[in-house]
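Student: Could you take me through one part of this model up close? I'd like to hear about a few loop residues and what surrounds them.

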Amino acid sequence: MTEGEAGAGLRRRAVVERATRETEIRLVLDLDGSGEFAGQTGVGFFDHMLASFARHGLVDLEVRVARADLHVDAHHTVEDTGLCLGRALDQALGERAGLARFGEAAVPMDEAWVLAAVDLSGRPYLGWQVPTLDVPGARVGAMEAELVREFFKAVAFTGRMALHVRELSPGNLHHLAEACFKAVAVALSRAVQVDGRRAGQVPSTKGVL
């Protein structure tokens, strides 16, 4: 469900619900929010990352996980939340008219440094070059570090965007993961901005994204 789209003069807001045998999630996204996060996923570190994403992306985000197979691991919870977030973003953007479309940000977190670039092209792609987080068995709290990639892959594919995330300087796993979330949030915030010069036009020579 969506309550507005770019250039329509309404708040760009979407509500997505996803229920499987593994998880049951309700997510609310407001692209024109103030950076507030509410809810919980059952994975403490992931909640911290989602709160950081909302704050630095200047979106309001609510995530409620009614059921999850955390007795197995956090994989399905993290991935399915990403699927919901991407779908909510796609719905909230509507036809994507008037958007800046592109955004990038290089964000440091102490010794860690990450570059993220976004193209709201309508064509899903994840370019992931963050090797420090991909070490098998590495964890941040109760969450496997590899799940950061799985989260952004899910967001990129259901959000219909090309997303590149690159590690410029390695560091503490917590710092590096947080730099990823912040960098993507800032890049996405820039990409979803409405450019008044476009006068409601879709930012593509194809006429559609």
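Tutor: Let's start with Thr41, where the backbone nitrogen of Val43 lies 3.2 Å from a polar atom of the Thr41 side chain. This is a predicted model, with local features needing pLDDT of at least 70 and side-chain atom pairs counting only at pLDDT 80 or more, while totals for chains, interfaces and linings use all residues. Residues are numbered from 1 along each chain as its sequence is written, and side-chain values use heavy atoms, with hydrogens and water left out.

Thr41 sits in the loop between strand E3 (37–40) and helix H1 (44–57); helices (H or I, at least four residues) and strands (E, at least two) are DSSP runs, numbered from the N terminus. Its side chain also makes a 2.7 Å polar contact with the side chain of Asp47 (a pair of N or O atoms within 3.5 Å; within protein, one must be able to donate a hydrogen and the other to accept it, and residues adjacent in sequence count only if both atoms are side-chain atoms). Beyond its neighbours within four places in sequence, Thr41 is in contact with residues including Leu50, Val63, Leu70 and Thr77, contact being heavy atoms within 4.5 Å. Thr41 counts as buried because its relative accessibility is 3% (buried is under 20% relative accessible area, exposed over 50%, partly exposed in between, with a 1.4 Å probe and protein chains only).

Now for backbone angles: most residues other than glycine have a negative phi. Arg101, in the loop between helix H2 (75–93) and strand E5 (102–109), has a positive phi near 80°, and is buried at 10%. Arg160 has a positive phi near 55° and is partly exposed at 25%.
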